[in-house]
Amino acid sequence: MAVVSGRGGLWWRVTASLGRASYAGSGRAEALRAEELAKRLRARASEKERREVPKDPLQRRVRELAMLSKQLQHVHPNVLAKILKQEILYQNEEIVMINKPYGLPVHGGPGIKNCIADVLPILAKMLENMKTKPLHLCHRLDKETTGVMVLARSKEVAERIRLLFKTRQVEKIYWAISLGEPDPTEGVVEIPIVEKEVQSHQSHYKMTLAPSYRLSPGDQKVVKIRKNRNAESAVTRYRCLASSSACSLLELQPITGVKHQLRVHLAYGLGCPILGDHKYSHWSKLAPQKLPEITLRRLKLEQTKARHLPLHLHAYRLSLPLGEWTDLVCKPPLFFQKTLKKLKLDV
């Protein structure tokens, strides 16, 4: 056995037979040393974060957009539940209505670390002093869609609300920023939708239109065609609230609830894809959305960075007849509001 003196007069006892060193200082000294180490690590992390934040406003904006869909996938479930609690818009003895954040999926799946369904039991405990049953999903929003979402406090209430959605008794109003202006500026899109495989160098599936009519090549007469048996009826009301910078702010009311209905009707029915919708801006490929020059200038963005633009689709208002009519409006998230301001889309 050998005894050696360390820095600061601290003693270390080295046991050769075990091949290890044990700290011989006091418990208080150990605590102080651990605290000092923690301070250094925090300072180092803070310094690294400061270095990583770009000074250029354009690069900062790109970094901010790129982080939108990642940040909630790297937090602890308890932290996510707290975030959702802060996003509660309304609650009573039957329902809880939240403002769903961007980039947070409702259900889990491959590569998904966090989703709303997984943290509902934790959120329920936070609401009811840890004495309640888990909350229940009543409907869903896409991962990239923000806005009003309803949760039920019991299975019975959840089933009643799902039936209201199914029988089209729930009124849903969305806001979307689109590329271009629809013509006419107000109307109804009533075109069935079906899922198809896109044959390309990177095969994938997309929802697309399955119209019941087409124009004959010769005389351009409207001809009824055979209905695709897999197609679902889809109806969307729309109206333009503002137009500027080669973009529009649209108010959308889906009468039906087909998967990706609003995105498909806008992109393929009206020729006005939603800003940041990289999936439905092209049919034959998966590529970043191509933006007009004026839009890029107003957004202070380069086309090469357009892939970072988030989907600008927000569930703005939801009304449902549950006993009394519950009517709730939820303002768009900060990134959506910033885009409205940059594009000069004044409501």
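**Cavity and cysteines**

User: How do the residues lining the largest cavity divide into nonpolar, polar and charged?

Analyst: There are six nonpolar, one polar and two charged residues in that lining. Nonpolar covers Ala, Val, Leu, Ile, Met, Phe, Trp, Tyr, Cys and Pro; charged is Asp, Glu, Lys and Arg; the others, Gly among them, are polar. It's a predicted model: local features need pLDDT of at least 70, side-chain atom pairs 80 or more, while totals for chains, interfaces and linings use all residues. Numbering runs from 1 along each chain as its sequence is written, and side-chain values use heavy atoms, without hydrogens or water.

User: Which residues line the largest cavity, then?

Analyst: H139, L141, V148, K172, I173, Y174, A315, R317 and L318. Lining residues have an atom within 4 Å of a cavity point, and a cavity is a set of points on a 1 Å grid over the protein atoms alone where a 1.4 Å probe fits but cannot get out.

User: And how many cavities of 30 Å³ or more turn up?

Analyst: One, searching the whole structure. The largest cavity holds about 40 Å³, counted as the space filled by probe spheres on its points, joined across faces, edges and corners.

User: Is C247 buried or exposed?

Analyst: C247 counts as buried because its relative accessibility is 2%; buried means under 20% relative accessible area, exposed over 50%, partly exposed in between (1.4 Å probe, protein chains only).

User: What about C138?

Analyst: C138 has 6% relative accessibility, so C138 counts as buried.

Note on methods:
1 Å grid on protein atoms, 1.4 Å probe; cavity = no way out; pocket = protein on both sides within 12 Å on 5 of 7 lines; lining within 4 Å.
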